[in-house]
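Subject: Structure handover

Hello,

Here is the structure for you to look at. My notes follow below it.

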Amino acid sequence: MKILMLGWELPPHNSGGLGVACYQLCQALSKKGVDIEFVLPYTARHDISFMSINSAHPQDVEAVIKAGIAYDSFKYVKKTGEIQWIDLFGQSAVYEQAIERIVTLAEFDVIHAHDWLTCRAALRAKELTGKPLIVHIHSIEADRAGNAQAGNPLVREIESTAMLLADKVVAVSQHTKDAIIREYAIPADKIEVIHNSFDTSSLLEVEGASAYRYLESMQAQDYKVVASIGRLTTQKGLPNLLYAFSEVVERVPKSLLLVVGSGEQYYELLTLAAQLGISKNVVFTEFQRGKRYRDAYAVADLFVMPSVSEPFGLTPLEAIGYGTPALISKQSGVAEIIRNCLKVDFWDVEEMANQITAVLQNDGLRDTLHANAYQEYERLGWNHAADKLFAVYEQHRHKVLA
């Protein structure tokens, strides 16, 4: 079976969980004999042997350099040496145009597109070839807008059109399926829930001295560390975490919050921490990779994901893998598959503070939470998701438009 897979990023050139999920899912599918042609909007070295990778950009472009964070611009370096910056919507349009060349050269049975960024290209590929289209939704615009507002109307139009015209919609959680039905009135029987998972063998060892030696030195003085890792956006609910942490500091003065990530809310969060009088208890870093990323999980006594609306959420699973228990928002997909963690409504600042305080004041609770969560973590894998997706492929592969 041959699949034309349209994605926006892959490790190590990813800016979030979408690239990780695509990589690990494709790896599991390849073990089932699925032949994947994965198309990206940029050119980079990935060192991936289990699938083919192609770049969708104009023929006069020598390289496309992706920005370091999600939903940003792309730098086009043309063969003439000319440099051109293209914003996200422009890049999506270029991707759509470039896919026309790729579909004339590649043979495939099914088109599989990940998120709205690839939907225009996917619809064009379906139009040109008549092949069935699977739209895989990892988040919708309402999620990214924090459910407080509708979000960007152009993105919503793209999402709505793609899901209406797709042969099947795959949602990464029941939470996401419910949101798709609520926001776009897509029939429930058209949406298949295939939960994301995590490849436990993908975690690298935490070796050498911690990158956060300051935090370790404070822990030696009986301080406790809470970590939150992710984009600094409305969707992630970080203002509520800061409000909750201000209460935690009152109860447990020797506590520190490590916030790892970058995004448009950085200065807002920095200001809020100052207004709450907890600046000396909050450490902000930029977007991190490699050892500094891994060590952020490992140094913490508790990981918190306070998202307003999280379609799935891989970071709590990474935290558990690196030895740290998790407190997660009930408004998340990962809450559907993991039981041994603390859960709280994103808006319930008082209860969030209570649960954080309980862990920081009780090492036994912290260790038991992690030990039980780790037993669940060890059973994780993408095989079940790959089996369900393979069945979706089989169901639709022979549905070719005349």
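This is a predicted model, in which local features need pLDDT of at least 70 and side-chain atom pairs count only at pLDDT 80 or more, while totals for chains, interfaces and linings use all residues. Residues are numbered from 1 along each chain as its sequence is written, and side-chain values use heavy atoms, with hydrogens and water left out. Helices (H or I, at least four residues) and strands (E, at least two) are DSSP runs, numbered from the N terminus.

Strand β14

In β14, Ala 227 has Phe 303 as its bridge partner. Strand β11 (residues 224-229) runs parallel to β14, joined by 2 bridges; two strands pair if DSSP finds at least two bridges between them. Strand β15 (residues 326-329) is also parallel to β14, with 3 bridges. There, Phe 303 stands opposite Ala 326. From β14 the chain passes through helix α11 (residues 315-321) to β15 in a right-handed β-α-β crossover, that is, with the strands pointing away from the viewer, the path from the first strand over the helix to the second runs clockwise.

In strand β14 (residues 302-305), Leu 302 and Val 304 point one way, Phe 303 and Met 305 the other, and all are buried. Buried means under 20% relative accessible area, exposed over 50%, partly exposed in between (1.4 Å probe, protein chains only).

Loops

The peptide bond from Pro 11 to Pro 12 is cis, with omega near 5 degrees. Pro 12 sits in the loop between β1 (2-6) and α1 (17-30).

Asp 115, in the loop between β7 (110-114) and α3 (119-129), is not a glycine, yet its phi is positive, near 65 degrees. Asp 115 counts as buried because its relative accessibility is 3%.

Regards
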